[in-house]
Amino acid sequence: MTRRIILPALIASSALLAACQPMAPQKGANAASPAIQPAPQDTAAQARTATPAVEFRLAQDRPGADLRELRMSDKTYYFLLAPALTRADLNAATPMKTREGQPFVSLRFTPPGAQKLAQIGRQYSGKWLVFTIDGRLVGVPRIAGPMEEGILNLTMNSEEQAINVAQAIEGAAQ
């Protein structure tokens, strides 16, 4: 009886202590979420693709010349084929949680990547970034305005997704 009361209390208090802290990778968890699960490859192909293709493409909600369509259940986006930011622009990806427990991935950009991110924030506020890893859609965050710090925080649906996305970006999810 005591275990039934103490265990949930410990779990609840642990969740409160996790405010804005990095999340540890889960042992035994899948390497990548189903949304970004790479297609099965042979060992030689895996060795050639150790660094995942991480890309951010500018998008808007109106069709235009040279734009591709991305239909979602609730919205349609039109995006540029050429990426505005890539894995080469990133320094690190860290899974985190807000004080309220909302998981997110904090992306830290290189100095040149941070300059690009800041320019995108200034020039394309209100537009979106289509975020993919190895060609698989991860999310479509809205550009809220200038991002001068060189950090982009992306909300995730679960802790597992945040961990998996960070691992995939870092190349650990092969």
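Arg 122 is partly exposed, with a relative accessible area of 45%, where partly exposed denotes values between the buried class (under 20%) and the exposed class (over 50%), computed with a 1.4 Å probe and protein chains only. A salt bridge, defined as a side-chain nitrogen of Lys or Arg within 4 Å of a carboxyl oxygen of Asp or Glu, joins Arg 122 to Glu 148, with 2.7 Å between the closest N and O atoms. Glu 148 lies in the loop between β8 (136-139) and β9, and Arg 122 in helix α3, so the pair ties together parts that are 26 residues apart in sequence. Glu 148 is likewise partly exposed, at 49% relative accessible area. The model is predicted: local features require pLDDT of at least 70 and side-chain atom pairs pLDDT 80 or more, whereas totals for chains, interfaces and linings use all residues. Residues are numbered from 1 along each chain as its sequence is written, and side-chain values use heavy atoms, with hydrogens and water left out.

In total, the structure holds 7 salt bridges. Side chains of opposite charge can pair when their charged atoms come close. Lys 116 is partly exposed at 38% relative accessibility, while Asp 89 is buried at 5%. A further bridge connects Arg 57 and Glu 55, with the closest N and O atoms 2.8 Å apart; Arg 57 is buried, at 13% relative accessible area.

The chain contains 4 helices and 9 strands, assigned as DSSP runs (H or I of at least four residues for helices, E of at least two for strands) and numbered from the N terminus. Their order from the N terminus is α-α-β-β-β-β-β-β-α-β-β-β-α. Of the 174 residues, 36% are buried. Contacts (heavy atoms within 4.5 Å) between residues 24 or more positions apart make up 66% of those with a separation of 6 or more.

Helix α3 has 13 residues, which at 1.5 Å a residue should span 18 Å, and its end C-alpha atoms are 18 Å apart, in agreement; the expected span is 1.5 Å times one less than the number of residues. Gly 113, Ala 114, Leu 117, Ala 118, Ile 120 and Gly 121 are the buried residues of α3. Viewed down the helix axis, they fall within an arc of 160 degrees and so line one face of the helix, the arc being that of the directions from the axis to the C-beta atoms. Pro 111 and Gln 115, on the other side of α3, are exposed. The cover over the buried residues includes β1, β4 (85-86), β6, β7 and β9.

The largest nonpolar core comprises 26 residues, with Phe 56, Leu 107, Phe 131, Leu 152 and Ile 169 having the most contacts inside it. Such a core is a set of buried Ala, Val, Leu, Ile, Met, Phe, Trp, Tyr and Cys residues joined through side-chain atoms within 4.5 Å. Elements giving two or more residues to this core include α3 (111-123), β7 (128-133) and α4 (159-170), and the largest share, 5 residues, comes from α4. Apart from this core lies another, of 7 residues, among them Tyr 77, Phe 79, Val 130 and Val 140.
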